[in-house]
Amino acid sequence: MNTKQQYDLKLIKTKLNAAMVLIEEIQNLIKEFPEVESENWLIGALDDLENFYWEIEELQDVKQD
């Protein structure tokens, strides 16, 4: 894997981490507003982001070998 690809994968992981932190913060804030019914959507989005993060992690591991 070339240097640009390594950098891009690290950048993707960094952005995924930031997105997961943001969703967790939104989940914490949304607890104050029970009339908002998007918490299940946020949980699904968080799960999807986490799965994508691990896919990128596996891709990095395979490319480094």
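Student: Asp8 and Lys4 in helix H1: about how far apart are they in helical turns?

Tutor: About one helical turn, because they're four residues apart in helix H1. This is a predicted model, by the way.

Student: And what do their side chains do?

Tutor: The side chains of Asp8 and Lys4 meet in a salt bridge, at 2.7 Å from N to O. As background, an α-helix has 3.6 residues a turn, so residues three or four places apart point the same way.

Student: Buried or exposed, that Lys4?

Tutor: Lys4 is exposed, with a relative accessible area of 56%. Asp8 counts as partly exposed, because its relative accessibility is 28%.

Student: How many salt bridges are there in the whole structure?

Tutor: A search of the whole structure turns up two. Besides the Asp8 and Lys4 bridge, there's one between Glu57 and Lys13, with the closest N and O atoms 2.5 Å apart.

Student: Which helices do Glu57 and Lys13 lie in?

Tutor: Glu57 lies in helix H2 and Lys13 in helix H1, so this pair ties together parts that are 44 residues apart in sequence.

Student: What's the accessibility of Lys13?

Tutor: Lys13 is at 14% relative accessibility, so it counts as buried.

Student: Switching to the core. Which residues make up the largest nonpolar one?

Tutor: It has eleven residues in all: Leu9, Leu16, Met20, Ile23, Ile30, Leu42, Ala45, Leu46, Leu49, Tyr53 and Ile56. H1 and H2 each supply at least two residues of this core, and H2 gives the most, with six residues.

Student: OK, pick Met20. What is it in contact with?

Tutor: Leaving aside neighbours within four places in sequence, Met20 is in contact with Leu46, Leu49, Glu50 and Tyr53.

Student: Tell me about Tyr53 then. Where is it?

Tutor: Tyr53 is in helix H2. At 15% relative accessibility, Tyr53 counts as buried, because the cut-off for that is under 20%. Not counting residues up to four places away in sequence, Tyr53 touches Lys13, Leu16, Asn17 and Met20.

Student: And how far is Tyr53 from Ile12, C-alpha to C-alpha?

Tutor: Their C-alpha atoms are separated by 8.2 Å, and the two residues are 41 residues apart along the chain.

Student: How many aromatic pairs does the structure hold?

Tutor: One. Tyr53 and Trp54 form it, and the geometry is edge-to-face: 5.2 Å centre to centre and 90° between the planes. Trp54 is partly exposed, with a relative accessible area of 44%.

Student: Which residues of H1 are buried?

Tutor: Leu9, Lys13, Leu16, Met20, Ile23, Gln27 and Ile30.

Student: What's going on at the start of H1?

Tutor: There, a side-chain oxygen of Asn2 reaches to within 3.1 Å of the backbone nitrogen of Lys4.

Student: Last topic, the loop. Where is Glu37?

Tutor: Glu37 is in the loop between helix H1 (3–30) and helix H2 (39–64). At 74% relative accessibility, Glu37 counts as exposed. Between Glu37 and Val21 there are 20 Å in space, C-alpha to C-alpha, and they're 16 residues apart in sequence.

Student: And Lys31, where is that found?

Tutor: Lys31 is also found in the loop between H1 and H2. Lys31 counts as exposed, because its relative accessibility is 55%. The C-alpha atoms of Lys31 and Phe52 are separated by 26 Å, with the two being 21 residues apart along the chain.

Notes. Residues are numbered from 1 along each chain as its sequence is written. This is a predicted model: local features need pLDDT of at least 70, side-chain atom pairs count only at pLDDT 80 or more; totals for chains, interfaces and linings use all residues. Side-chain values use heavy atoms; hydrogens and water are left out. Buried means under 20% relative accessible area, exposed over 50%, partly exposed in between (1.4 Å probe, protein chains only). A nonpolar core is a set of buried Ala, Val, Leu, Ile, Met, Phe, Trp, Tyr and Cys residues joined through side-chain atoms within 4.5 Å. Contact means heavy atoms within 4.5 Å. A salt bridge is a side-chain nitrogen of Lys or Arg within 4 Å of a carboxyl oxygen of Asp or Glu. Rings of Phe, Tyr and Trp (its six-membered ring) pair if their centres lie within 6.5 Å; planes under 30 degrees apart count as stacked, over 60 as edge-to-face and the rest as tilted. A polar contact is a pair of N or O atoms within 3.5 Å; within protein, one must be able to donate a hydrogen and the other to accept it, and residues adjacent in sequence count only if both atoms are side-chain atoms.
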